[in-house]
Structures are given as C-alpha cells and as structure tokens.
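Thank you all for making the time this morning. I would like to walk through one model with you, beginning with a pair of helices and then moving to a sheet.

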Amino acid sequence: MTRHFAVDGEPLPLPLARAYDTALLDLDGVVYVGPYAVEHAAPSLARAEALGMRLAYVTNNAYRTPRAVGEHLRRLGLPVAEDDVVTSAQAAARLAAELRPPVVRVLAIGGEGLLAALRAHGLEPVRSADDEPDCVVQGFAPTVSWRELAEAAYAVGRGVPWIVTNADPNAPTHRGTAPGNGALAGVVRAATGAVPLVAGKPAAALLREGAARTGARRPLMVGDRLDTDVEGARTAGFDSLVVLTGATTPYELLTAPAHQRPTHVAADLRGLLAPARRVEEHAGGFRCGGWRGHVCDGELVLKGRGDREDALWVACRAAWSAPEPPCTATALAALARCALG
C-alpha cells in the first residue's frame, strides 16, 4: 500500500503512521524484550500517535490481564490505557460468547486473565466437567495441573466445543524454554482426538478483535515473527510490518514461504515514521534506493550502496521472485556484505 499527500503541489509518499489508521502491535521483541523497552520503541510510538495512528497492543499471552500488561508498558514510558491492550484470552472469550447455541457456563482452564475475560462477556467460569459446561476455553497458566487437563478432556470427549487462547508450543522463561499453551492443549488433543478452535495468532480472531476494538479501517499488524504475526495478518486480511528487533533474521525473511511474507520491513519501530519502500523491477532484477539485486543460477547478487533496509528489501523481492530459494551460502554472503547477516 502506498498513499500520497501533496507538498507544494508535489505528491509525496505518506509515512506508514499516516497510510494506516491503526497499528496492531505485538509486544515481546517489538515493544519490549523481557523487562526492557526496545530501543527507539517509545519515542517512535509517541510520534506515530501524534501523526494520528491509533495503537493497540495485541498479545497471545492469556495469563496476564490487560491491566497488568498496561502497567508494564507504562513503566516503559508508554501512555497506555487498559483498553489499548487486547489479549488472546479476550479473543477466546468473544469466540465463546458468539457460539450457537448460546454459551452460559464455560469450563475455564487457565489463569486470572482468562477468568476476567470470560466474566467481561457475561460468561460463568466453572472448574469441572460435571458442572455441565457449554464450552471449554483453555489458556496458559503455570499452575495448570493434570486434574484440570483431565476435566477439559472429559468435557471435550463428550462433544463440548473447545477453544484455546493460543497454540504456542513453548513459553520462554528466565530458566529456558518451557511448555506453552499449545503443548498443554496437545495433551487434551491426544486424549480426545478433538481439534480446538484457536483464538490467538496466527489465527485471525485476536487481530480482528484488535481491529474491532479500535474501529480500524486500515490496520497494520506490526510484529517480529513470521509464523505468528505475519501469517496471522495474512489470515485476517491485513497488511504487516516486520521489525528486526526480535525473532526474525534477514535470512529468514529471504526464505519465508509466501504466506509468511510481510508487506513492509524495518529495522525497528522507526519504520512507522517512514514511507513504504518502493521496489521497482530493473534490468532482470529489482531496485530500491541505491541497491540492485537479482538471483542468477541460484546465487543472490546484491550491488550498490546506501540504506541497508533498502538492500534487504531488494534481496527479499529478488529471492521471493526466484523459482527456487537462493543458495544458502551465497545468500548469507550477500547479506553479510551489506552488514545484514
């Protein structure tokens, strides 16, 4: 998407913060890493808001309440209201509330974030399959036990609809990688053979909840992961911006499958304040700024000088247009020459 405005009668491309009315922001790796703000995040978001962009913070984390997330963000210098935070627990609660026939009692497996979201939709959380629940909603909490998973399996095995807040297989902790909600849901799936309805990314419900909450007409999903943020945006029908402050590397961008390719890429959230990069086909390859790129006989060739993000975008367009992905060694070498490896 490229939108323009006029200065002295000449059209100029709009910054992304003006081309899109709402940013749906992933948190970890985009706004913060652990307890610390990502460099440039707070001032860039403040400037984006000043340009008229609405900000919504969307997270697959169903354990923390929006209030807790908002408090964390305010400590990092962001003026965030509780309503600006959208969690997968809230998206799952909406899915449950919209089931037909109507749902009243929900067997809730998870923490306070999930219980609060269900109650906000007028649903009654219960803890046993013997309470005759109309639905099972499962979210992560570090206290989830075998007994709770068994209760979920009893209800799901009887045909009760089953929603999970997210299917993330792991959860990073200060001690390493631990099982996530997807792993816990896998226990219920293994016991019952049932397949749950998923609310969180890369499913569309969470992003659509964020867009509905903000009244967005032109939302932009901003994330650091291709398999959740970008794929989720494509599933929801939204454009996406990937920032390189978190999980995704330049090489992973080059080799991304079609359903995980972003609309825009930037080093960090300052990308919201810049216009979309224009890539043009040129002499059998692609051109952006001072860079040219093409793939020949499986080799990625990058030449030029200037903005490294222009170089990366040219490399991506060249790689994505090639019949086969470029050779790993030559791709890494080309990126390294541009200080992108």
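Before the helices, a convention: a crossing is called left-handed if the near helix is turned anticlockwise from the far one by less than a right angle, and right-handed if clockwise. What you see is a predicted model, in which local features need pLDDT of at least 70 and side-chain atom pairs count only at pLDDT 80 or more, while totals for chains, interfaces and linings use all residues. Residues are numbered from 1 along each chain as its sequence is written, and side-chain values use heavy atoms, with hydrogens and water left out.

Helices (H or I, at least four residues) and strands (E, at least two) are DSSP runs, numbered from the N terminus. Two packed helices are described by the angle between their axes and the distance between the axes. Here, helix α6, residues 146-157, packs against helix α7, residues 181-192, at an angle of about 45°, and their axes are 9 Å apart; axes are lines fitted to C-alpha atoms, for helices over the stretch in contact, and angles run from 0 to 180 degrees between N-to-C directions. The two helices are therefore oblique to each other, given that angles under 35 degrees count as roughly parallel, over 145 as roughly antiparallel, 65 to 115 as roughly perpendicular and the rest as oblique. The crossing of α6 past α7 is right-handed.

Which residues of α6 and α7 meet? On the α6 side they are L149, A152, A153, V156 and G157, and on the α7 side L184, V187, V188, A191 and T192, where contact means heavy atoms within 4.5 Å.

Now to the sheet, which is open and has four strands in the order β18-β19-β20-β21, with antiparallel pairing; two strands pair if DSSP finds at least two bridges between them. Strands β18 (280-282) and β21 stand at the edges with a single partner strand each, so one side of each is left without a neighbour in the sheet.

Between β20 (residues 291-296) and β21 (residues 299-304) there are six bridges, and among the bridge partners are R292 with K303 and W291 with G304. These two strands form a hairpin with two residues between them, and D297 in the turn has a positive phi of about 50°.

Is D297 buried or exposed? D297 is exposed, at a relative accessible area of 81%, where buried means under 20%, exposed over 50% and partly exposed in between, using a 1.4 Å probe and protein chains only.

Finally, helix α11, residues 308-321, lies across β19 (285-288), β20 and β21, and runs at about 25° to β20.
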